[in-house]
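Trainee: I have the sequence and the model open side by side. Could you take me through them, one question at a time?

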Amino acid sequence: MKILLYILLGLGLLVAIIHFIAPKTYHVERKIVVSANIDTVFKSLCSLKDQQVWSPWGSKDPDMIVEYNGTDGELGSTSHWIGNKEVGEGEQEITKIEPTSYIETELRFLKPFESTSTGFFAIKRVAEGTEVTWGFKGNNTFPTTLMMVFMNIDKAIGPDFEKGLADFKSFIEK
């Protein structure tokens, strides 16, 4: 009985140490320059329906069901998706718009696990056209912090952002 108590205390201490050293926040972003007018780019990125056209997750589940509420491209508009195990279920709501420069959304993941993150697009004019930065950020809470010690979220999600931006470039430059 005493040995079992020591084992449990040791495991508890190990979990506490891992939680203490684990990253408490995450931030992933990628950039691309597109040959399109900044107003056109901004309007398209504000549209949750346009986002679905080039979304890397849409190609992971062509049968995904997506529903939209509110006026697309305006504050408070939402999309709700239900997909396969790769894309899960969740919703996205436009929470901040700074004309021609910044869009922020709240991403509420429901399945396979519940979490809330912030998605964003930063847009600016550059000599070659319009630079689009697509990002994703949030906080790690227990027990997610334990997984983040062993997982690199940038490597896990970054390639999806790269594919999405490449598909957006093709979409917006047609």
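This is a predicted model: local features need pLDDT of at least 70, side-chain atom pairs count only at pLDDT 80 or more; totals for chains, interfaces and linings use all residues.

Trainee: Is E173 buried, partly exposed or exposed?
Mentor: Relative accessible area decides this: under 20% is buried, over 50% is exposed, and in between is partly exposed, with a 1.4 Å probe and protein chains only. With a relative accessibility of 33%, E173 therefore counts as partly exposed.

Trainee: With which residue does E173 meet in a salt bridge?
Mentor: A salt bridge puts a side-chain nitrogen of Lys or Arg within 4 Å of a carboxyl oxygen of Asp or Glu. For E173 the N to O distance is 2.9 Å. The partner is partly exposed, with a relative accessible area of 27%; the residue is K169.

Trainee: And which residues do salt bridges with shared partners join into one network?
Mentor: By the salt-bridge rule, the count comes to 11. Bridges that share partners make one network, and its members are E91, E93, E106 and R108.

Trainee: How many residues apart in sequence are the parts that R30 and E162 tie together?
Mentor: These two form a salt bridge whose closest N and O atoms are 2.7 Å apart. R30 is buried at 16% relative accessible area, and E162 is partly exposed at 43%. Helices (H or I, at least four residues) and strands (E, at least two) are DSSP runs, numbered from the N terminus. R30 sits in strand β1 and E162 in helix α6, so the pair ties together parts whose separation in sequence is 132 residues.

Trainee: What separates D167 and K163 within helix α6?
Mentor: Their salt bridge has its closest N and O atoms 2.7 Å apart. Both ends are partly exposed, D167 at 29% and K163 at 37%. Because they are 4 residues apart in the helix, the separation is about one helical turn.

Trainee: Which residues does F121 touch?
Mentor: Contact means heavy atoms within 4.5 Å. Leaving out residues up to four places away in sequence, F121 touches L45, Q51, W54, S101, Y102, I103, V132, T133 and W134.

Trainee: What separates the C-alpha atoms of G119 and L107?
Mentor: G119 lies in strand β6 and is buried, at 5% relative accessible area. Beyond its sequence neighbours, its contacts include L107, I103 and F136. G119 and L107 are 12 residues apart along the chain, and their C-alpha separation is 6.6 Å.

Trainee: Which side chain does a polar contact join to that of Q92?
Mentor: A polar contact is a pair of N or O atoms within 3.5 Å; within protein one must be able to donate a hydrogen and the other to accept it, and sequence-adjacent residues count only if both atoms are side-chain atoms. Q92 is in strand β4 and is buried, with a relative accessible area of 12%. Its side chain has a polar contact of 3.2 Å with that of Q51.

Trainee: How far from the side chain of W81 does the backbone oxygen of V87 lie?
Mentor: W81 is in strand β3 and counts as buried at 12% relative accessibility. Among its contacts beyond four places in sequence are M64, V87, Q92 and F109. From a polar atom of the W81 side chain to the V87 backbone oxygen is 3.1 Å.

Note on methods:
Residues are numbered from 1 along each chain as its sequence is written. Side-chain values use heavy atoms; hydrogens and water are left out.
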